[in-house]
Amino acid sequence: MRVCDMTRPATGAVRKWRVVGGAILWGLIIALAVYCDPLTQAWWDRYLGDLFAVHVVALALTDLLRAHFLLLGVLLLRALDPRLPRDFMKRAAWVLLSQMLAAGVVKQLFGRIRPGAGAPVFAFTGPTLADGSYSFPSGHATVAFALAGLLAAYYPRWRWLLIALAALGALGRVDLGRHYIGDTVAGAVLGWYWAALVLAGLRRFTRRRDARRVASEIGAPSAALVGTSEE
């Protein structure tokens, strides 16, 4: 199976400016989403907060985004699709485990108080090393979009469906009162691009490892021939 490269940047200065420009753009989008949290929260509570169907879907998707269900799903996918490469599980483990660390670091960096705790919407207490369950970014949104990014690399035709499902899972946390919209937007951006970053790093490592292996295999016979000629 050919892995779709989600990080196909140009080289040199173009690549650098593209990365910088993308980071600035997404940073502004996240900042805008956080700034609009009071309005979006009021809109959600008014139009969607009392819908039973939305609540049921939110509960179901939240459960599916738990670690053991994700692990089971990845194992099942690997068993059902023989086209997946042998190192798929290793790449999935790198993406899913490292995104938890990344989300945890960002949570401590900002220290945003969760909704329903009696704190103002813009209550950011970070950077902090104190124990606590912080809101920004949404961990469920991060893992949902990290998984979507991982699978989109192998199933590019299903990319938009994967994004839609990840968005539903992320918004389910808003319905349950655990996050603001801005938290889910930040988690979505972090998860998607973190998956792309990890996969790109793993591909680069694999290429270098294979190149060293080929070079060593080519060099070994040459050394043997040199030794024979000297004798």
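This is a predicted model: local features need pLDDT of at least 70, side-chain atom pairs count only at pLDDT 80 or more; totals for chains, interfaces and linings use all residues.
1. Leaving aside residues up to four places away in sequence, Val95 touches Ala146, Leu150, Trp194, Ala195, Val198 and Leu199.

2. The largest nonpolar core. This core has 31 residues. Val95 is among the members that touch the most others, together with Phe145, Leu147, Leu150 and Tyr154. At least two residues each come from helix H4 (67–80), H5, helix H6 (139–154), helix H7 (159–175) and helix H8 (181–230). H6 gives the largest share, with 12 residues. In soluble globular proteins, nonpolar side chains tend to be buried together.

3. A second core. Five residues form a separate core. Ile30, Val34, Phe136 and Ala186 are among them.

4. Helix H2. Asp37, Gln41 and Trp44 are buried in this helix, which covers residues 37–47. Viewed down the axis of H2, the buried residues lie within an arc of 65°, so they line one face. An α-helix has 3.6 residues a turn, so residues three or four places apart point the same way. Leu39 and Arg46 are exposed, on the face of H2 turned away from the buried side.

5. Leu32 sits in helix H1. Its relative accessible area is 54%, so Leu32 counts as exposed, the cut-off being over 50%.

Notes: Residues are numbered from 1 along each chain as its sequence is written. Side-chain values use heavy atoms; hydrogens and water are left out. Helices (H or I, at least four residues) and strands (E, at least two) are DSSP runs, numbered from the N terminus. Buried means under 20% relative accessible area, exposed over 50%, partly exposed in between (1.4 Å probe, protein chains only). The arc is that of the directions from the helix axis to the C-beta atoms. A nonpolar core is a set of buried Ala, Val, Leu, Ile, Met, Phe, Trp, Tyr and Cys residues joined through side-chain atoms within 4.5 Å. Contact means heavy atoms within 4.5 Å.
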